[in-house]
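Here is the note you asked for, written so that each point can be checked against the structure. Please keep the model open while reading.

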Amino acid sequence: MRFAHSALALVCAPLIAGTGPTASGRLPPPETPIASNRTEPDVERPLAWMIAAQNSDGSWGADVHSQSPDVATTSLAGIALLRLGHTGSRGEFQANTRRAVEYVMVAVERAPADQVAVQDPGTLPQRKLGRNIDTYVAAQFISEALPTLPRGLRGRAEAALANCVRRIERAQGTDGSFAKDGWAPLLSSAFAANGLHAAASAGASVDAKKLARADENLMNKYDQRSGKFDNRESAGVDLYAAAASVVAAARVQEAKPGSVLAAPQLQLRAKEVAKGASPQLSNERLLRGFGSYGGEEHVSYMLVAEAKATAPGEEFTAWSKQMRARLAQIQREDGTWRGDHCITSTTFCTAASLITLAVRPHARPS
């Protein structure tokens, strides 16, 4: 069922407003996006803001030195650092990345073994994307950080990743999805699939059949005959369903011969999605998402960037130019991005945008 935007606005009213610290350490009044004709966003200032916003224990919350940090936001910020070259052992901010890994690993280690979640309930990402979103993003973060960690941390990270994989696999439903709660649970399922794929790439033991079911479920949000998207699990917003479907299709098309994802029916479905759904992601109406920019829009752009990275060079270049101009126009004066609805967190939106900007094209295996 598609909800009217007026009704959604009540559900997704901004919960958090705040930007960077002033010289006195206080937060200035909320900013609005500046009217700009810029076509290139700034990366250095938002990165500096994120480093300044990190808590001493390695965590992040919605804003500077948040007293309510969460694992999902910390993991997404950590992925942004990794993508920008600040790994567990290299880069100017490698220590920040390691502290973030430590924070996430502690959360995973302390979480009750009989539940999927690694974070106490009530966080903003959970309310919007589903109760278990922290576990899903944590798996992706640990997976991407793992090869770069010092030897002394690597064994512990491997154990934490295996822990996350067990939780995620347990959460998968018979239809291949991972979440039905939250405002836009489809994005949570997309993060879960990302986490499992990243874990498999990092060497963790992952059930290949569950991977295939996860991607098939995401691709099936696109209906080839009508050319439309099933947006019932994406708050009635086509952008979220489109982003989830195209990133899964791109992943399937990259599958190695002989793998479960290389099955003919999955390859055929992936080609259908790539042909019918991917071109729609240059459409202004679709890209506007909910109609204003929230964390869900920023995450969707991140997913689409990952999918477009496997497209022919000229397609990626054209889409990247369009997206960079969009992000430049809504970038705040302090360099950050912040949501106007739903996930309003400055850290979450800024991290997702930095990941989008860090994506580079790579050839699809023949």
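1. The model is predicted. Please keep that in mind when reading the distances and areas below, which are computed from it.

2. Aromatic pairs. The structure holds four of them. A pair of aromatic rings is described by the distance of the centres and the angle of the planes. In the pair of Tyr-136 and Phe-178, the ring centres are 6.1 Å apart and the planes stand at 65 degrees. An angle over 60 degrees counts as edge-to-face, so this pair is edge-to-face.

3. Where that pair sits. Tyr-136 belongs to helix α6, residues 133–145, while Phe-178 is in the loop between α7 (151–171) and α8 (185–201). The two parts are 42 residues apart in sequence, so the pair ties them together. Are these residues buried or exposed? Tyr-136 has 0% relative accessibility and counts as buried. Phe-178, at 5%, also counts as buried, because the cut-off for buried is under 20%.

4. A second pair. Trp-183 and Tyr-240 are also edge-to-face, with 5.9 Å from centre to centre and 65 degrees between the planes. Trp-183 is in the loop between α7 and α8, and Tyr-240 is in helix α10 (residues 238–253), so this pair ties together parts that are 57 residues apart in sequence. Both Trp-183 and Tyr-240 are buried. Together with Phe-290, they form one aromatic cluster.

5. The largest pocket. Its volume is about 860 Å³. The pocket is lined by 31 residues, and those closest to its centre are His-197, Ala-198, Ser-201, Arg-251 and Glu-254. Elements giving two or more residues to this lining include α3 (71–83), α6, α9 (208–219), α13 (295–308) and α15 (346–358). Which element gives the most? It is α8, with five residues. Sorted by class, the pocket lining has 17 nonpolar, eight polar and six charged residues.

6. The largest cavity. The structure holds one cavity of 30 Å³ or more. The largest cavity contains about 60 Å³ of space. Its lining residues include Ala-305, Phe-316, Trp-319, Arg-324 and Val-359. The largest share, six residues, comes from α14. By class, the cavity lining has seven nonpolar, two polar and one charged residues.

7. Ser-75. This residue is in helix α3. Ser-75 has a relative accessible area of 0%, so it is buried. Apart from neighbours within four places in sequence, Ser-75 is in contact with Val-104, Val-137, Ala-138 and Phe-141.

8. Asp-223. This residue is in strand β1, residues 222–223. With a relative accessible area of 34%, Asp-223 is partly exposed. The side chains of Asp-223 and Ser-226 are joined by a polar contact of 2.7 Å. Not counting residues up to four places away in sequence, Asp-223 touches Lys-228 and Arg-269.

Notes: Residues numbered from 1 in each chain as written. Predicted model: local features only at pLDDT ≥ 70, side-chain atom pairs only at ≥ 80, totals over all residues. Heavy atoms only, no water. Phe/Tyr/Trp six-rings, centres within 6.5 Å; stacked < 30°, edge-to-face > 60°. Helix = DSSP H or I, 4+ residues; strand = E, 2+ residues; numbered from the N terminus. Buried < 20%, exposed > 50% of the residue type's maximum accessible area, 1.4 Å probe, protein only. 1 Å grid on protein atoms, 1.4 Å probe; cavity = no way out; pocket = protein on both sides within 12 Å on 5 of 7 lines; lining within 4 Å. Points joined across faces, edges and corners; volume = space filled by probe spheres on them. Nonpolar A, V, L, I, M, F, W, Y, C, P; charged D, E, K, R; others polar. Contact = heavy atoms within 4.5 Å. Polar contact = N/O pair within 3.5 Å; in protein donor to acceptor, adjacent residues only side chain to side chain.
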